[in-house]
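Good morning, and thank you for coming. I would ask you to look at the model on the screen while I go through a few selected places in it.

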Amino acid sequence: MKHIFGIFRIKKDERGMALAAALYAVVLNLLVILRYASQYTKVGEAYHQLFVRTFHISGFDPLSYAVVSQWEQAYNIYRHPLLAFFMFPAAQLNQALMAITGLNMVPFIVGCMLVFCAFYSILFLYRLMVQVIGVQRLDASLLSAFFMSMAYVMVSVSVPDHFCFSMFMLLLTLWVAGRKMQQGQPFTKWQTILFFIVTAGISLNNGIKIFMANAWVNGRKFWRPANLFLAIVLPSLLMWGAARMEWNHYERPSQYIKNQKRKAEVAAAHAKIAQAVRDTTHLTDTTAIKRAIQQAIKRQAHQQYVADHKQPWNRHKGQPMGKGEFTQWTDGTTSRWQSTVDNLMGESIQLHEDHLLQDTLRARPLFVPYRYALNYVVEGLVALLFLWGIWAGRRHRLLWLALSFWAFDMVIHMGLGFGLNEVYIMGAHWLFVIPIAYAYLLRQTATQRRWHRLLRTLLLVLTLFLFCWNFALYTHYLCTAA
């Protein structure tokens, strides 16, 4: 246990980076807290409706505020099977503070959780580059700053969604895996199970990445029956079984109530249409009247269908690849190239001035161009350096582990189209792979002073530009958004 908590100890040579990370996380969270504190600190009852209706930062959901204000299973159970339970202690703390202060302290409690996860995410990335990849501390500090300058790292660490928590676990996994590769130690079964429960409990798809870490660290030992069954198959089955039980207990009853309510509303609407037809028709034949009523109902349904498909939440979705329980979340028609340029490598890394941090499901167009050619130059440089970094580190297992994380997300989002219409909000799950690739590039050029100095200068310019650009736009939004 002492060893486990030892990973959170700040070493003397990390204090400078730790101070910068703490200041970064605290300032960003304070800006969001101050933006919403006057609304969200009031004690009430309909918290879920309040937060969903009034919280507007890109496509992020403020469900953590709702769960910590008054505990409920508000998350999508199949995507976040244990997250509500992880929030239970925070919810109880908030209830106690409500009784003492008469205020809903949820912005501050969730803010502290985000600061903690953001702080250690940055610190784990810094340690990974210094201790495992072996770059100079100055280079690791520069790359950590570059990571902090990216748009949807900056936003993710300060909004009450799950992404910052996931990023924390993924970077912790990479650091632990890197140290084990370095020391020739295995990723043990109990470590795999523990990491899987927490990571998959927060976001189920990220649980696959824990198995990837086990595979890359353990090599052929991954395929041993004991490891496959105890560390991979059994936890997966238990997590899936827990999610199904949870859905049956929490979601099924509410789904039944919603369906019954919907049926009653539809029946009432049909009865109203039928009465209107009877009151206005000149027909006397019963069969003809019934036919007229059915035609009126069909017209109404068609008009509603057309109106719904004009709404952003429908218009900005591509056609799913199927109509099943999970295939309905896919997207087979949205342009992948434009999504890559404008959103994946665009909005994820540098915010757009136009439609700043608007929600695609409410007002933001699916694709937003930048006003200036400079933004595309920056995007191109980031992408080219990323590819160069991959080439530089192509013989290192740690980079391939990080790239397998990235590739898994690309298959889900760019291949299957899951969340493609707002792919940038998932950036916290993979953006850290870019500075990791850059670290191998800096390591490779360390003996070539001229190239190393040139590369450092270029990364410093990119970092300063991205930080100033994104921080200015983000603070402007938080200070002026209605």
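Let me begin with Ser58, which is buried, with a relative accessible area of 3%. What we are looking at is a predicted model. Ser58 sits in the loop between α3 (47-54) and α4 (63-69). Its phi is near 55°, a positive value in a residue other than glycine. As background, most residues other than glycine have a negative phi.

A second residue belongs beside this one. His355 also has a positive phi, of about 55°, although it is not a glycine. His355 lies in the loop between α16 and α17. Is His355 buried, partly exposed or exposed? At 33% relative accessibility, His355 counts as partly exposed, whereas Ser58 is buried.

Let me now step back to the overall division of the chain. The domain assignment of the protein chain gives three entries: domain 1 covers 6-240, domain 2 covers 241-310, and domain 3 covers 336-479. The centres of domain 2 and domain 3, taken over C-alpha atoms, are separated by 46 Å.

Which residues of α17 are buried? They are Asn375, Val378, Glu379, Val382, Leu385, Phe386, Gly389, Ile390 and Ala392. These residues cover an arc of only 160° around the axis, which puts them on the same side of α17. What covers the buried residues of α17? The cover includes α8 (137-149), α16 (336-347), α18 (397-415), α19 (433-444) and α20.

In helix α16 we find Ser339. At 1% relative accessibility, Ser339 counts as buried. The side chain of Ser339 reaches the backbone oxygen of Ser335 at 2.6 Å. Not counting residues up to four places away in sequence, Ser339 touches Thr334, Leu344, Phe367, Met414 and Leu420.

In helix α18 we find Ile412. Ile412 is buried as well, with a relative accessible area of 13%. Once neighbours within four places in sequence are left aside, Ile412 is in contact with Asn205, Gly417 and Phe418. From Ile412 to Asn227, by contrast, the C-alpha atoms are 26 Å apart in space, and the two residues are 185 apart in sequence.

In helix α20, which runs over residues 449-480, we find Thr475. Thr475 is buried, with a relative accessible area of 16%. The threshold matters for this residue, because buried means under 20% relative accessible area. The side chain of Thr475 reaches the backbone oxygen of Phe471 at 2.7 Å.

Another serine deserves attention, this time in helix α9. That residue is Ser156, and α9 comprises residues 151-156. Ser156 is buried, with a relative accessible area of 1%. A polar atom of the Ser156 side chain lies 2.5 Å from the backbone oxygen of Tyr152. How far apart are the C-alpha atoms of Ser156 and Gly427? They are separated by 8.3 Å, although the residues are 271 apart along the chain. Leaving aside neighbours within four places in sequence, Ser156 is in contact with Phe60, Leu114, Phe163, Cys164, Ile425 and Ala428.

Finally, I come to the cysteines. How many disulfides are there? The count comes to 0. Cys112 is in no disulfide, and the nearest cysteine sulfur, that of Cys117, is 11 Å away. At 54% relative accessibility, Cys112 counts as exposed. Cys479 is likewise in no disulfide, and the nearest cysteine sulfur, that of Cys468, is 16 Å away. Cys479 is exposed, with a relative accessible area of 63%.

Thank you for your attention.

How values were computed. Residues numbered from 1 in each chain as written. Predicted model: local features only at pLDDT ≥ 70, side-chain atom pairs only at ≥ 80, totals over all residues. Heavy atoms only, no water. Domains from an automatic or database assignment. Helix = DSSP H or I, 4+ residues; strand = E, 2+ residues; numbered from the N terminus. Buried < 20%, exposed > 50% of the residue type's maximum accessible area, 1.4 Å probe, protein only. Polar contact = N/O pair within 3.5 Å; in protein donor to acceptor, adjacent residues only side chain to side chain. Arc of directions from axis to C-beta. Contact = heavy atoms within 4.5 Å. Disulfide = S-S within 2.5 Å.
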